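This report covers the chains of the model, the contact between them, and some local features. The sequence and structure come first.

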Amino acid sequence: MRNVLLKELQINLYSGKMLTTFLLLVTVFLISLGMMYQEYQQRLEHYNLSVSGAGKDWLVETVWSMERPDGDLSSEAIGTFPMGKVKRPQPLSYFARGVDLEFSKPVEYFTHFDHAKIHVYPNHEQNLFKLVFDPPDLLAVVTILLSLLALLFSHGLFSREKEEGTLKQMLAAGCSRASIFGGKFIGGFLSLWLCFTGAFLVYALALSFVEAQVMSGEPAARVASIYAACTLFALVFYSLGALISAFSRSSSTSTVLSFFVLLLLIFIVPGTSSMFAQQFAPVPSRQEVERNKLDALHKIQDEYAAEHPDENPSIRDGVQMFVGTLETVNEAHQRIEEEYERQQQNQIEMTLNLSRASPTASASNILSSLSLNGLEDLKLYKSEQQNLLQQIRNQIEEYSSYLWATYPEWAGFGRTAEEQGELKKVFDVQTQYEYASMDFDKSMSFVWLDLFLLSIYTLLAVAISYLLFLRYDPR
Amino acid sequence: MIRTIAEKEFFLIVKTLRFLVVILLCLLILPISVWTVSSDFNKERKDYFGRLDVESRNERKESRLNLFRPVPTLYPFVRGIDDEAVNCVSFHLRSWNRQSTESTQSKTQMIIPAVDMAFLVGIVLSGLAFLLSYDSISGEKGGRTLSLIGSFSTPRSSVVIGKWIGISATLLIPFLVGFCLSVLLFVFVTGVNLAPGDYLALALLFLLSALYIAAITIIGVAISALTQNQSTSLFLCLGVWGLICFILPQAANAAATSLLPLAPPHELQRQLRVVENNGLRKLVEDNMRLVETCKRNGWTSEREYGPYTTWNNLSMATNNREGYISLENEFSRESRMQEEISGVASLVSPYGCFKQAVMSLAGTGPGSHRGFVDEAYRFGELYFRQVITKWSENPNASREDLIAGLPQFSYRGDDLNDRVGKATLPAGVLVLVIIVFISAAVFAFNRYDVR
């Protein structure tokens, strides 16, 4: 077996296959790094602006205030509210961008200040072609290029020997089938693994120059895990290539089959799983959710009006109605949002489960989670945003109580320095808020299933290819 | 002679396993993808009409307006950037705002993207085109059959062209069947009555796909003619496939970003706030002067001072709007310039050409979205100018008077001529690619020495 293994390594080394593969991987890895660096710097700039702008550039003014003949005060106050702070982009985005675009959507304040909400920034100010052609992160390179190389390394492992008749000679020379299989399989994979490891080290070294913090402490453990996951992913495709090779009698058949498997597992299975999940676990559109929220608001306000028939529909009572129903409306809206979240979550889980039929989806999940840009990180971010919204709402209530206590006749807000100070407390909630990130152990807890599945795929592919190899009749 | 070679190549491939893969892709996966995206299309369309319905009940049309972009009919074939780009422009007399309404796109699609026809043709079918063509000539060299072909009086250019036509036909005939099946499914699922223009657009969509497949096939044939053995040509073909689909278009964006860097969207938001805050401060000053005037003249009722407060509000609105438009134009001009550089640079890749052409034709690309925003802005400007004119002529006008006779927004998207016009340049580049690579393949094949 040792001889077969060494022979396989030597063939790959002397034929230039290893050097070509190494150079190809290094080139594409560095191209990916360059493009991702550009994108990461833009995200960072966006984040820095949001931090320096959070809690600033707001102005609340009483734009009209005059005493009426009846002694009442006619007044109007309007204002602009500060921008929200976004979550800091993860330096590990170089490895997998995942859902990090969602993290650039901050909690904003509604005009008229009735609710805080999550604002969606339009992409209009950006180059729209970036929505068409995303820069490739390491995950894209690994899923497309590394899987392709793994198949190219293994698709001719046995079929070429069969075609050229050398397998017969090896068997006639007394080599056991187990040693031929083991030697060729391990030798071939070792060649690929050496190329990948070398290229990954070059990539990590280059990354450490631009983002030094990625290579120390917890991020370094994540990078090491990403490397291990990529190796396992390459092994899955290498094993599938070996399986195809053991099954086919000619190298051209195994080439076609390998490419078909590549297209199927990388593009078609994951893509169609998302489509099937949309059919079987539908989610209402955002417009439907907003309509449900509006219906709930009207229903609560109608009930409030029915319970308080003695109140006049003046501005002051409008405000009273708003304050009186605020809590009930918030609760109703929260229930609708929670139901929407639950349905979305169902669809996400169904998509993930269906797409796990392909190792690519498992690898995407692992790399995104380890890069802190996975679906679980999005879930955490959303719960943090809800938490922040609640804190803002609490502060708004405190501010409203202050206003009622200070101005029993209600004359709007933004009149005195003290009042501006009270209002600033609302904005300070967000300025001082720090979004938490998942720790390494927690991230790992979401990837075990996918790692297990990748291992199972490998074992199955190796076992079946060995059985097929045993069935080979040299006559 | 070309016909004989093409037929031979066609029937040779039809009997192989590769053809089964093509059949599976075109007759099964393509219709499934169109069927699924058609369901999304139904949902998006329902939402669009729902939003229009809510907007029709807007009781403050004199100061607030929401304009929505309808879902393009060919969305189920080419999703383009429709799920992410701006599809609603909201105006408020005091502040202008553009929004992306949240689409039906699932969050998982950020990690696992869904497939549409443009993706299946652009990435998967092009990969299969390379797979069918990589050994078209190098395989004959390896199998020694090329010397036999060379011994006949068949011109070498005929061999190259015949093989190219044969391989392209192997891909395009199943694709045509799958495409027709998809169109039928689309009509069945959505219940849309397609206009003659839509059928023409669909036919052009097929022609563009055919052009792209033909371009990729001739690149594969040229590589095959350049190389001596099959494994080298396979390696080269896969490398070129990766370069065309995953590196060059993205590198074009990176180059455009480096050449013309843009400020992040937050910067614009900040500057807009500064404009709004300045407007507010000026309004406070104007109103303070008005309160003094009221005191001097003894005005106490809203009937007396109302027209002046309205005037101050309108003055602020006009100044703000001018500030917003000037800022947004400045940002927009820069981002459009970067976009143009990206668009031109991505034409170096046939995949970039194909994607641009089909998005333009389907009305789901960057150009169509820019067109919608421009149209909405023009309309908003006209609409509010009329409101302000009416208000300044009659400060006591009722809400009904103000909105009476105002124009209605009806955006139907670019007409077919415009869409075809936008697709012409990338389609022309694809034709150029075909001509260049036919010449390259013939030249490389002519240099081959059969001895």
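The model discussed here is predicted.

**Helix packing within chain B**

Helix α7 (residues 196-226) of chain B packs against helix α14 (residues 416-447) of chain B at an angle of about 20 degrees. The axes of these two helices are 8 Å apart. With the limit for roughly parallel set at under 35 degrees, α7(B) and α14(B) are therefore roughly parallel to each other. The crossing in which α7(B) passes α14(B) is left-handed. The contact of α7(B) with α14(B) is made up of 28 nonpolar residues, one polar residue and one charged residue.

One residue of helix α7 of chain B is B:L202. Is B:L202 buried or exposed? B:L202 has 21 other C-beta atoms within 10 Å, and a residue is buried if that number is 20 or more, so B:L202 is buried.

**Helix packing between the chains**

Helix α4 (residues 138-154) of chain A packs with helix α8 (residues 230-259) of chain B at an angle of about 165 degrees, and their axes are 11 Å apart. Because angles over 145 degrees count as roughly antiparallel, α4(A) and α8(B) are roughly antiparallel to each other. The crossing of α4(A) and α8(B) is right-handed. On the α4(A) side the contact is made by A:A140, A:I144, A:L145 and A:L148, and on the α8(B) side by B:L238, B:G242 and B:F246. Six residues of this contact of α4(A) with α8(B) are nonpolar, one is polar and none is charged.

| Helix pair | Angle | Axis distance |
|---|---|---|
| α7(B) and α14(B) | about 20 degrees | 8 Å |
| α4(A) and α8(B) | about 165 degrees | 11 Å |

**The contact between chain A and chain B**

Counted over the whole interface, 75 residues of chain A are in contact with 79 residues of chain B. Which helix of chain A gives the most to the side that touches chain B? Helix α9 (residues 251-280) does, with 16 residues. The side of chain A that touches chain B consists of 39 nonpolar, 27 polar and nine charged residues.

**Chain A**

Chain A has 16 helices and four strands. Of its 475 residues, 43% are buried. Among contacts in chain A with a separation of 6 or more, 81% are between residues 24 or more positions apart.

A:L372 lies in the loop between α12 (359-370) and α13 (375-406) of chain A. A:L372 is not a glycine, yet has a positive phi of about 65 degrees. A:L372 counts as buried because 27 C-beta neighbours lie inside 10 Å, where 20 or more are needed.

**Chain B**

Chain B contains 14 helices and three strands, and 46% of its 451 residues count as buried. Contacts between residues 24 or more positions apart make up 86% of those in chain B with a separation of 6 or more.

The radius of gyration of chain B is 29 Å, whereas a compact globule of 451 residues would have one near 22 Å. The C-alpha trace of chain B spans about 110 × 45 × 35 Å along its principal axes.

Methods. Residues numbered from 1 in each chain as written. Chains lettered and ligands numbered in written order. Predicted model: local features only at pLDDT ≥ 70, side-chain atom pairs only at ≥ 80, totals over all residues. Contact = placed C-beta atoms within 7 Å. Nonpolar A, V, L, I, M, F, W, Y, C, P; charged D, E, K, R; others polar. Buried ≥ 20, exposed ≤ 12 C-beta atoms within 10 Å, placed from the backbone. Axes fitted to C-alpha atoms, helices over the stretch in contact; angles between N-to-C directions. Parallel < 35°, antiparallel > 145°, perpendicular 65-115°, else oblique. Left-handed = near helix turned anticlockwise from the far one by under 90°. Rg over C-alpha atoms; globule rule 2.2 N^0.38 Å.
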